Amino acid sequence: MTRQLKLALRVYGVGGPGQHGLWKDPRLPKNASIDIDWYIAQAKTAEAAKFDALFIVDSQFIDATYPPHYLNRLEPLTLLSAVATHTEHIGLVGTLSSTYNSPFNLARRFASLDHISHGRAGWNVVTSLDAGTSKNYGLDEHLDYATRYGRALEHVRVVQGLWDSYEDDAFPADVERDVFLDPAKLHALDHEGEHFKVAGPLNLSRSPQGQPVIFQAGVSDEGRNLAAQVAEGIYAPGGSLSETQAYYADMKARTAAAGRNPDHVLIFLGAAPVLGGTDDAARSTARDIYEADNDFDRKLAAFGRAFSAYDFTQHDPDAPFPDVAARAERGSRTRGLDVVRRARAEGLTLRETVLAFSRFTPSPFTGAPPTVADAIESQFRERAFDGLNLGFRTPDDLQRFVADVVPILRDRGLVRREYDADTLRGNLGLPIPANRWTVQRELVDA
Ligand SMILES: Cc1cc2nc3c(=O)[nH]c(=O)nc-3n(C[C@H](O)[C@H](O)[C@H](O)COP(=O)(O)O)c2cc1C
């Protein structure tokens, strides 16, 4: 089958990172981030354009400097359950942390969404970036990388085990024979591992797609290894074309090395297209968007996130970049060490470092619609990604992309005209995982 580009929509309501002023845009309702009707409308637009999924990112720690959407937003699975009842085909992917959820509770909630949506649920596994989250869950400190990712792998395995509690034909519901459940098709998990002890079974059967689709976001060596073992979709970091291609190749190679089929792991690149009547007009719009949020104090506040919510305002901005590398171990080590390495190598001050990491870098998908379509097509063919996780500033921008760019992609055979299936798995071309107990029985019987 020809390789087709996958499209997902990520929504940031009144403004995510780098969009602090977006809430003032008259086209956005001031309560967009907590208005379920607003989300449903975005999902319907994406569904009409045959997008694969709606993607909800999440975090559970804030202070007053966080972006507007983060300050006041809905819990992902509650949100997606409501969207599920107003849509029919689009996948529903929610971000939930393996660090701050128990596997049983998470398995039950995702399985519920999977039933409510008739097989369209996906779990984006994150280990949580915001160190301050720990204090909302009774822990003094966020976990270090080894523990965070060790727990994440075991967490996913337990959740998948619980999702297989019932074999597909466990409920004959045969009135004549007076048999509702076939008890031989119900299985406890009896898991005892380093991080979890979970008996099971889960009190919920499998959906039409067998199990929700597993996504993952996290780019460290530990994060990549987790993805290689369990992810079916990856939320990839951005960068230059050569960086995204290197990431793509690395993840496909790690997946193969883990004994899995690399075609069953789809890499979604985050992208924020900026469209204009001409390429120049789009570039000028991109520059205006950047300048509208180009505030040093705000950037300085956001800079602390990777370093366990570090308050950089306590330092002279014109002194050398402070020695905060150790704090990244319980924040984002990948980003944190990148920052520290560059500041040291180039002898940068705190101010210069913040500016170096927040300079104007327009999206590679900036231009008139044919230019944007060309860029998407060439990067897709050059294996920078299998799909795009698209973000737009306003519903108008999404509508414009759908009206002006998607038809070009469709005419080139890059995206679908109609949905291929009713489930997220079916539309992503991913196999239904066989129930492990059924497989075991068939092996014994053979
Ligand atoms: C593209 C991308 C998206 C992410 N989205 C989230 C998110 O929505 N919520 C969250 O708590 N963490 C998110 N993370 C953070 C990861 O879960 C991880 O904790 C963090 O990136 C540090 O690990 P790493 O060095 O392996 O990337 C994201 C990471 C990446 C790379």
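This briefing walks through a few strands, helices, loops and a nonpolar core of the structure above. The structure is a predicted model, in which local features need pLDDT of at least 70 and side-chain atom pairs count only at pLDDT 80 or more, while totals for chains, interfaces and linings use all residues. Residues are numbered from 1 along each chain as its sequence is written, and side-chain values use heavy atoms, with hydrogens and water left out.

Helices (H or I, at least four residues) and strands (E, at least two) are DSSP runs, numbered from the N terminus. Buried means under 20% relative accessible area, exposed means over 50%, and partly exposed lies in between (1.4 Å probe, protein chains only).

- Strand β1 covers residues 6–10, and five of its five residues are buried.
- Which residues of β1 are buried on each side? K6, A8 and R10 are buried on one side, and L7 and L9 on the other.
- β1 pairs in the parallel sense with strand β12 (residues 387–391) over five bridges; two strands pair if DSSP finds at least two bridges between them.
- L7 has L388 as its bridge partner in β12.
- β1 also runs parallel to strand β2 (residues 53–56), joined to it by three bridges, and A8 has A53 as its bridge partner there.
- Between β1 and β2 the chain passes through helix α1 (residues 36–48), in a right-handed β-α-β crossover. Right-handed is meant as follows: with the strands pointing away from the viewer, the path from the first strand over the helix to the second runs clockwise.

- Strand β4 (residues 121–126) is mostly covered, with six of its six residues buried.
- One side of β4 holds A121, W123 and V125, the other G122, N124 and V126, and all of these are buried.
- Strand β3 (residues 91–97) pairs with β4 in the parallel sense over six bridges, and T95 stands opposite N124 of β4.
- The chain goes from β3 to β4 by way of helix α4 (residues 103–116), and this β-α-β crossover is right-handed.
- Strand β7 (residues 213–216) runs parallel to β4 and is joined to it by four bridges, with G122 opposite V213 of β7.

**Helix α4**

- Helix α4 has 14 residues and reaches 20 Å from its first C-alpha to its last, close to the 20 Å expected at 1.5 Å a residue. The expected span is 1.5 Å times one less than the number of residues.
- P103, L106, A107, F110, A111, L113 and D114 are the buried residues of α4.
- These buried residues fall within an arc of 160° seen down the axis of α4, so they line one face of the helix; the arc is that of the directions from the helix axis to the C-beta atoms.
- The buried residues of α4 pack against α3 (76–84), β3, β4 and α5, where contact means heavy atoms within 4.5 Å.

**Helix α8**

- The buried residues of helix α8 are A282, A286 and Y290.
- Why do the buried residues of α8 line one face of the helix? Seen down the axis, they fall within an arc of 80°, so they line one face.
- An α-helix has 3.6 residues a turn, so residues three or four places apart point the same way.
- On the other side of α8, D280, D288 and A292 are exposed.
- The cover over the buried residues of α8 includes β10 (274–275), α9 (296–303) and β11 (366–367).

**The largest nonpolar core**

- A nonpolar core is a set of buried Ala, Val, Leu, Ile, Met, Phe, Trp, Tyr and Cys residues joined through side-chain atoms within 4.5 Å.
- The largest such core has 80 residues, of which F51, L54, W123, I376 and F401 touch the most other members.
- Helix α5 (residues 145–163) gives the most to this core, with eight residues.
- Leaving aside neighbours within four places in sequence, I376 is in contact with L5, F365, F385, L388, F401, V405 and L409.

**Two loop residues**

- E232 sits in the loop between α6 (221–230) and β8 (233–236), and counts as buried at 12% relative accessibility.
- P17 lies in the loop between β1 and α1, and is partly exposed, with a relative accessible area of 45%.
- Not counting residues up to four places away in sequence, P17 touches Y12, P67 and Y70.
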